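Please consult the sequence and the coordinates shown here.

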Amino acid sequence: MYYSYSRNQQNAVDHLIKQMKGAIDGEYSAVKCYEKLAKMAPTDQEKERILEIRNDEIRHFTELVKLYSGIFGRDPKPELIEECPDNYERGLEAALIDEQNTVDKYLKIADHASNTAVKQFFTRAAKDEQQHAVWFLYFWTKNK
């Protein structure tokens with residue numbers, strides 16, 4: 001199917017592709033990092049909570065890929081965009097900062113989205129990311 005877009009429409013589509021691809025890469029990187037952090041966790045409670053957060057990120061990743069493929073008609077190619085620190089405390093701090101930055105990014109995407117599914121996904125995911133940030137802040141403070 002061929003769609004003809006005006007320059008402004010095409011710019012909006014290109015921008016959404018870039019934003020969604022960035023979100024997919026971010027979720028993919030978080031999944032990998034949180035697996036590593038869980039292995040370094042000093043207690044079973046921290047390990048279990050980090051693995052729960054990782055499961056949320058897997059769900060976000062899966063939903064984003066489906067949304068992206070459904071909208072743009074092709075599968076994204078996820079890339080690792082952030083390295084996870086080898087030190088637990090630094091890893092928690094990096095995760096905390098990343099989660100909080102992701103909240104802001106996701107809310108901006110939701111605010112500007114005209115597609116209802118995109119708006120709903122990013123609004124819900126932003127709430128999850130905020131909750132993750134709180135847990136990482138707790139663990140980071142506890143382990144300092």
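## Overall architecture

In what order do the elements of the protein chain run from the N terminus on? The order is α-α-α-α, in keeping with a content of four helices and zero strands. The model under discussion is predicted.

The C-alpha trace of the protein chain spans about 55 × 25 × 20 Å along its principal axes. The protein chain comprises 144 residues, of which 39% are buried. Helix H1 covers residues 7-40, helix H2 covers 44-72 and helix H3 covers 88-112; helix H4 takes in residues 116-143.

## The disulfide

One disulfide is present in the structure. Its partners are Cys 33 and Cys 84, with an S to S distance of 2.1 Å. The angle about the S-S bond is 55 degrees, and the link of Cys 33 and Cys 84 is right-handed.

The bond brings together distant parts of the chain, its two cysteines being 51 residues apart. Cys 33 belongs to helix H1, whereas Cys 84 is located in the loop between helix H2 and helix H3.

## Packing against helix H4

Two packed helices are described by the angle between their axes and the distance between the axes. For H2 and H4, the axes come within 11 Å and cross at roughly 160 degrees. Because angles over 145 degrees count as roughly antiparallel, H2 is roughly antiparallel to H4. The crossing of this pair, H2 and H4, is left-handed. Sorted by class, the residues in the contact of H2 with H4 are 13 nonpolar, four polar and nine charged.

The packing of H3 and H4 has an angle of about 160 degrees, and the two axes are 8 Å apart. H3 is therefore roughly antiparallel to H4. The crossing of H3 and H4 is left-handed. The contact of H3 with H4 contains 18 nonpolar residues, together with six polar and six charged ones.

## Aromatic pairs

A pair of aromatic rings is described by the distance of the centres and the angle of the planes. With ring centres required to lie within 6.5 Å, the count comes to eight aromatic pairs. One of the pairs is formed by Trp 135 and Tyr 138, whose ring centres are 6.0 Å apart and whose planes stand at 80 degrees. Planes over 60 degrees apart count as edge-to-face, so the pair of Trp 135 and Tyr 138 falls in that class.

Both Trp 135 and Tyr 138 are found in helix H4, with a separation of three residues, or about one turn of the helix. Trp 135 has a relative accessibility of 24% and is thus partly exposed; Tyr 138, with a relative accessible area of 40%, is also partly exposed. Elsewhere, a single aromatic cluster is made up of Tyr 106, Phe 121 and Phe 122.

Is Asp 25 buried or exposed? Residues under 20% relative accessible area count as buried, so Asp 25, at 6% relative accessibility, is buried. Asp 25 is a residue of helix H1. Between Asp 25 and Phe 61 the separation is 36 residues in sequence, and the C-alpha to C-alpha distance is 8.4 Å.

Within helix H2, two residues may be considered in turn. Ile 58 lies in H2 and counts as partly exposed, at 29% relative accessibility. Ile 58 and Glu 27 are separated by 31 residues in sequence, with their C-alpha atoms 7.3 Å apart in space.

Leu 64 likewise has its place in helix H2. With a relative accessibility of 0%, Leu 64 is buried. How far apart in space are Leu 64 and Trp 135, C-alpha to C-alpha? The distance between Leu 64 and Trp 135 is 23 Å, and in sequence they are 71 residues apart.

Conventions. Residues are numbered from 1 along each chain as its sequence is written. This is a predicted model: local features need pLDDT of at least 70, side-chain atom pairs count only at pLDDT 80 or more; totals for chains, interfaces and linings use all residues. Side-chain values use heavy atoms; hydrogens and water are left out. A disulfide is a pair of cysteine sulfur atoms within 2.5 Å. Axes are lines fitted to C-alpha atoms, for helices over the stretch in contact, and angles run from 0 to 180 degrees between N-to-C directions. Angles under 35 degrees count as roughly parallel, over 145 as roughly antiparallel, 65 to 115 as roughly perpendicular and the rest as oblique. A crossing is left-handed if the near helix is turned anticlockwise from the far one by less than a right angle, and right-handed if clockwise. Ala, Val, Leu, Ile, Met, Phe, Trp, Tyr, Cys and Pro count as nonpolar, Asp, Glu, Lys and Arg as charged, and the others, Gly among them, as polar. Rings of Phe, Tyr and Trp (its six-membered ring) pair if their centres lie within 6.5 Å; planes under 30 degrees apart count as stacked, over 60 as edge-to-face and the rest as tilted. Buried means under 20% relative accessible area, exposed over 50%, partly exposed in between (1.4 Å probe, protein chains only).
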